[in-house]
Amino acid sequence: MKSWLTTKFLIGSSNGGDAGEVVILRDCPAEFFHRTTDVEREELLTRLDSEAVLPSKTVLQLRDTTSKTKSMLCISSTSYTPEEDFGILLSSLVKIDSKLSQTTSNVSFSNLIVIVTGKGPLKQYYADQISALRLSHVQIHQVWLSASDYPLLLGMADVGISLHTSTSGIDLPMKVLDMFGCEVPVISVFYDTIHELVVKDENGWVVKDIEELTHCLKNLLMVQKGGKCRDTVLESMRANIRKNILSKRWNENWNEAALPLIQSVCLKCTKH
């Protein structure tokens, strides 16, 4: 965004434009996005079960947080618009299900639960595609959650998936920041500026096609000796998110980046 403003509108004294420099105010996750506690998790799962938001079988699997064979939970939030190619994820999940059926004595895989939240014009189109799939090791659930329940479900996730591709080429998806607010590493589809937010092997992965997404998910689902491989990788990324992203929340970021600029402009206006 800074580069676009300085190039297109010559903002910034170094480009021969207006005096002053471009100040970057980055989005930050709100305080209510956080890692879900055990008590919050149980209350949410009980509620989702009683309200039939998720099948009881799925709720039972999500209650298992300690066994070596526990399922991996992926959350994807979408507005079901052409800007997000949901078909990439569905095609990858079909491939993943096939690979999970090929478990050998040397390699085993966790099952995968994918919960997709959101509304939009293409929701029914993809619902029809999902209902036509015959998957054995992968579950896909489309849900609509309240504003209070969404952060709690997100805070339970092992991995988030963002299918957002920017029409402008310069925006960054807020949904990824929400995931980071819950300390959830993110798999994002590639576009030119996403590297400003998702850093490979630090807080997530960036994939360019179905094959790369499938490879990434397969590696996360693989159960190594002791069943600790995935947990170790994800906990390392969560630590990076806490250190590099969550060290500042919205209020702190505003006070440091935007407030001084606004105060300076206001002061100049009062002098004229």
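Me: What should I know about the model and its overall make-up, including how many helices and strands the secondary structure comes to?

Reply: The model is predicted, with local features needing pLDDT of at least 70 and side-chain atom pairs counting only at pLDDT 80 or more, while totals for chains, interfaces and linings use all residues. Residues are numbered from 1 along each chain as its sequence is written, and side-chain values use heavy atoms, with hydrogens and water left out. The secondary structure comes to 10 helices and eight strands, taken as DSSP runs (helices H or I, at least four residues; strands E, at least two) numbered from the N terminus.

Me: Which residues of helix α5 are buried?

Reply: An α-helix has 3.6 residues a turn, so residues three or four places apart point the same way. In α5 (residues 123–132) the buried residues are Y126, A127 and I130, where buried means under 20% relative accessible area and exposed over 50%, with a 1.4 Å probe and protein chains only. Seen down the axis of α5, these fall within an arc of 110°, so they line one face of the helix, the arc being that of the directions from the helix axis to the C-beta atoms. Q124 and A132, on the other side of α5, are exposed.

Me: What covers the buried residues of α5?

Reply: Contact means heavy atoms within 4.5 Å, and the cover over the buried residues of α5 includes α4 and β4 (138–143).
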